[in-house]
Amino acid sequence: MTITDEDCLAETQAFNKEFEAAAASRPAREQTPDAALLATLRRNRLAGDTPPVRLPHGQDRVVAGGVKVRVFVPDHVNGVYLHIHGGGWAFGSSDGQDERLWQLAERARLAVVSVEYRLAPEHPFPPGPDDCEAAARWLVDHAAAEFSTQRLLIGGESAGAHLSVVTLLRLRDRHGITGAFRAAHLLFGCYDLSMTPSQRSFGSKRLLSNTESLRRTYELFTPGTDAEQRRDPELSPLYADLAGLPPARIVVGTEDPLLDDSLFLAGRWQTAGAPVQLGLVAGAMHGFTLFPLTVTERELRRQCDFLSTAGR
């Protein structure tokens with residue numbers, strides 16, 4: 001196990017301190033937002049104060065089951081990346097990071113399909129996972145005709161990483177589909193909704209996510225359930241049989257309350273028989289790739305390198 005980017009640690013830690021200080025003037029995420037605040041948070045970029053930029057390269061489509069997706073197709077396509085956005089199952093959107101997804105599409109020569117899944121609290125579990133499953137099945141059936149390739153990849157950030165693993169497990173368990181997606185790229189995901197030790201011990205530091213904000217997020221996504229019920233493998237993939245899943249790259253920062261989730265999942269994934277690249281970014285907080293940091297630039301390059309070559 002190797003920690004990367006220690007040469008950037010001073011910059012990363014300084015940013016964390018600035019972020020935590022600025023967070024004191026913002027509504028605490030561990031509080032339930034009212035309708036107006038929820039609408040504002042959803043309209044704006046994750047961790048930002050302005051709406052995201054929508055690029056003309058993105059095409060909004062509706063696929064099987066009425067699921068909305070946003071599609072980016074570069075001139076050269078060597079595969080398809082099913083992207084599932086983060087946001088605690090309650091925020092984020094398929095058009096929330098057009099610039100980054102288009103850049104990935106061009107550099108990695110991938111058609112990128114981003115899922116507009118239904119969000120909690122209006123749509124608690126399982127509609128969000130249902131939408132991701134439907135989009136994945138559509139790609140399995142139609143990628144060759146739509147994009148002239150059957151090389152499929154999947155991944156996402158935070159809640160999107162969780163939903164990526166849930167989707168792979170649903171394809172295997174509900175439809176007998178294994179091997180269709182040749183790799184998974186999982187950024188700072190949550191894989192145990194009953195809370196790993198790092199989640200429970202993180203405390204109240206305002207670094208995008210903390211112990212109480214995570215606990216409240218789980219209550220919104222899975223209302224009426226307790227910790228034991230949230231250990232159900234359908235909710236917490238850390239407890240699932242991981243046999244038959246593809247190679248993965250799993251990334252997390254060392255100052256993320258979800259650190260254990262990635263460490264534990266990487267161990268179980270590898271034990272189940274698939275190769276794993278585990279990236280531990282020195283000093284990085286949850287969601288660090290949202291911010292203009294040296295470690296962000298490096299991580300986006302590493303992500304592009306992995307997705308451009310995986311499963312070929």
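Buried means under 20% relative accessible area, exposed over 50%, and partly exposed in between, with a 1.4 Å probe and protein chains only. By that rule, Phe-188 and Phe-288 are both buried. This is a predicted model: local features need pLDDT of at least 70, side-chain atom pairs count only at pLDDT 80 or more, and totals for chains, interfaces and linings use all residues. Residues are numbered from 1 along each chain as its sequence is written, and side-chain values use heavy atoms, without hydrogens or water.

Now the rings. Rings of Phe, Tyr and Trp (its six-membered ring) pair if their centres lie within 6.5 Å; planes under 30 degrees apart are stacked, over 60 edge-to-face, the rest tilted. This rule gives 8 aromatic pairs. One of them, Phe-188 with Phe-288, is edge-to-face, at 5.8 Å centre to centre and 65 degrees between the planes. The two residues lie 100 apart in the chain: Phe-188 in the loop between β7 (181-187) and α6 (197-201), Phe-288 in the loop between β9 (276-285) and α9 (294-309). Helices (H or I, at least four residues) and strands (E, at least two) are DSSP runs, numbered from the N terminus. Trp-89, Phe-125, Tyr-218 and Phe-221 form one aromatic cluster.

Thr-196 also sits in the loop between β7 and α6. Thr-196 is buried, because its relative accessible area is 1%. Its side chain makes a polar contact with the side chain of Asp-261, at 2.8 Å. Such a contact is a pair of N or O atoms within 3.5 Å; within protein, one must be able to donate a hydrogen and the other to accept it, and residues adjacent in sequence count only if both atoms are side-chain atoms.
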